[in-house]
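Dear colleague,

I am handing over the structure below, and my notes on what was found in it follow directly after.

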Amino acid sequence: MLLDEVSMVASRAGPGAAALLHQIWDAADLPFRAGLNLWRPYERLGPARQEAMLQAAATAVQLAANGRITPCGTLGSALQAASHRR
């Protein structure tokens, strides 16, 4: 699920989530969506893009754990540091 989210197009994410996605990719020091123009299932991506997607997902988890981003969605609180969970 997190892999789908980091590969989401900005126009589908909405303004706030799009900014968050860009922040994640910037922190990972990778091009937005690993340069992916059209969505494809993770399993159909080449090894370099798969690695970039995994790195972006790991970066998102680390940023959330450090309190640098606020995870969205119904399970977002599971990615926050324990002291920030509701």
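How many helices and how many strands does the secondary structure of the chain come to? It comes to four helices and zero strands, where helices (H or I, at least four residues) and strands (E, at least two) are DSSP runs numbered from the N terminus, and the pattern read along the sequence is α-α-α-α.

Please keep in mind that this is a predicted model, in which local features need pLDDT of at least 70 and side-chain atom pairs count only at pLDDT 80 or more, while totals for chains, interfaces and linings use all residues. Residues are numbered from 1 along each chain as its sequence is written, and side-chain values use heavy atoms, with hydrogens and water left out.

As for overall dimensions, the C-alpha atoms of the chain fill a box of roughly 40 × 25 × 20 Å along the principal axes.

Of the 86 residues, 30% count as buried, meaning under 20% relative accessible area with a 1.4 Å probe and protein chains only. Among contacts (heavy atoms within 4.5 Å) between residues at least 6 apart in sequence, 46% join residues at least 24 apart.

Leaving aside residues up to four places away in sequence, T59 touches I24, A27 and A28.

Conventions. Buried means under 20% relative accessible area, exposed over 50%, partly exposed in between (1.4 Å probe, protein chains only).
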